[in-house]
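Student: I'm new to this one and would like to learn how to read it. Please start me off with a simple feature.

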Amino acid sequence: MDEFQLATRLGELLLARDEKVTTAESCTGGGIAQAITAIAGSSGWFDMAIVSYSNDAKQRLLGVPPQLLLQHGAVSEPVAAAMAGGALRLADCHWALAVSGIAGPDGGSADKPVGTVCFALAGLALPQPLTYTQHFAGDRAAVRRQSVCSALSTLCAQLAL
């Protein structure tokens with residue numbers, strides 16, 4: 001499914017549960033929120049989005065601890081989890097999706113090559129955020145598009161349980 005189809009499905013699932021989602025995005029630059037708000041009626045299940053591209057913004061807006069950034073780097077599951085937790089605290093919603101990665105063409109390293117993207121899903125009903133890392137191929141646009149689809153798919157799968 002493409003991002004429009006995934007966002008449509010997400011909306012159906014959230015509406016059926018009378019729940020809302022928020023996003024905390026870095027490398028996708030608001031792409032998840034863009035996919036969601038392309039769906040008519042998304043105001044009924046989408047609260048807000050925070051694009052926290054810099055480490056300073058992650059700390060200031062989402063409360064990501066500086067030591068977490070120093071220890072793990074911005075592109076890490078612990079930082080994605082902190083971003084999701086921060087977004088969930090700020091928003092009036094049940095779910096928060098967070099993404100931080102290296103879309104390229106530069107910025108990668110041997111440990112974290114271009115295409116490395118870390119995700120987190122926080123939820124009021126979850127004891128702790130679910131996190132995972134994926135490695136996507138392609139140019140910057142392809143990495144970002146795949147990241148948006150992965151995040152949307154993850155919440156859809158969680159809601160379908």
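Tutor: Let's begin with a cysteine. The sulfur of Cys118 is 9.0 Å from the closest cysteine sulfur, in Cys27, and that is too far for a bond. This is a predicted model: local features need pLDDT of at least 70, side-chain atom pairs count only at pLDDT 80 or more, and totals for chains, interfaces and linings use all residues. Residues are numbered from 1 along each chain as its sequence is written, and side-chain values use heavy atoms, leaving out hydrogens and water.

Student: How many disulfides does a search of the whole structure find?

Tutor: A disulfide is a pair of cysteine sulfur atoms within 2.5 Å. The search of the whole structure comes back with zero.

Student: Are Cys27 and Cys118 buried or exposed?

Tutor: Buried means under 20% relative accessible area, exposed over 50%, and partly exposed in between (1.4 Å probe, protein chains only). Cys27 has a relative accessible area of 3%, so it is buried. Cys118 is buried too, with a value of 3%.

Student: Which strands pair with β1?

Tutor: Helices (H or I, at least four residues) and strands (E, at least two) are DSSP runs, numbered from the N terminus. Two strands pair if DSSP finds at least two bridges between them. Strand β1 (residues 21-25) is joined to strand β2 (residues 46-51) by four bridges, and the two run parallel.

Student: How much of β1 is buried?

Tutor: Five of its five residues are buried, so call the strand mostly covered. Val21, Thr23 and Glu25 point one way from β1, while Thr22 and Ala24 point the other way, and all are buried.

Student: Next, the inside. Which residues have the most contacts within the largest nonpolar core?

Tutor: In soluble globular proteins, nonpolar side chains tend to be buried together. A nonpolar core is a set of buried Ala, Val, Leu, Ile, Met, Phe, Trp, Tyr and Cys residues joined through side-chain atoms within 4.5 Å. The largest one here has 31 residues, and Leu10, Val21 and Leu152 have the most contacts inside it. At least two residues of this core come from each of α1 (3-17), α2, β3 (95-101), β4 (116-123) and α6 (140-159). The largest share, eight residues, is supplied by α6.

Student: What does Leu152 touch?

Tutor: Contact means heavy atoms within 4.5 Å. Not counting residues up to four places away in sequence, Leu152 touches Glu3, Leu6, Ala7, Leu10, Ile32, Ala35 and Ile36. A second, separate core of 24 residues includes Val64, Leu88, Ala98 and Ala122.

Student: Where does Leu14 sit, and what is it in contact with?

Tutor: Leu14 belongs to helix α1. Its relative accessible area is 0%, so Leu14 is buried. Leaving aside neighbours within four places in sequence, Leu14 is in contact with Glu19, Lys20, Val21, Trp45, Trp95 and Leu159.

Student: What about Ala81: which residues does it touch?

Tutor: Find Ala81 in helix α5 (residues 77-90). Ala81 is buried, at a relative accessible area of 17%. Not counting residues up to four places away in sequence, Ala81 touches Ala120, Pro129 and Thr131. The C-alpha atoms of Ala81 and Ala98 are separated by 7.2 Å, and these residues are 17 apart along the chain.

Student: Let's finish with the backbone. Which peptide bond is cis?

Tutor: Check the one from Gly104 to Pro105, which is cis with omega near 10°. Pro105 lies in the loop between β3 and β4.

Student: And what is the phi of Asp18?

Tutor: Asp18 has a positive phi of about 55°, although it is not a glycine. You'll find Asp18 in the loop between α1 and β1. With 67% relative accessibility, Asp18 counts as exposed.
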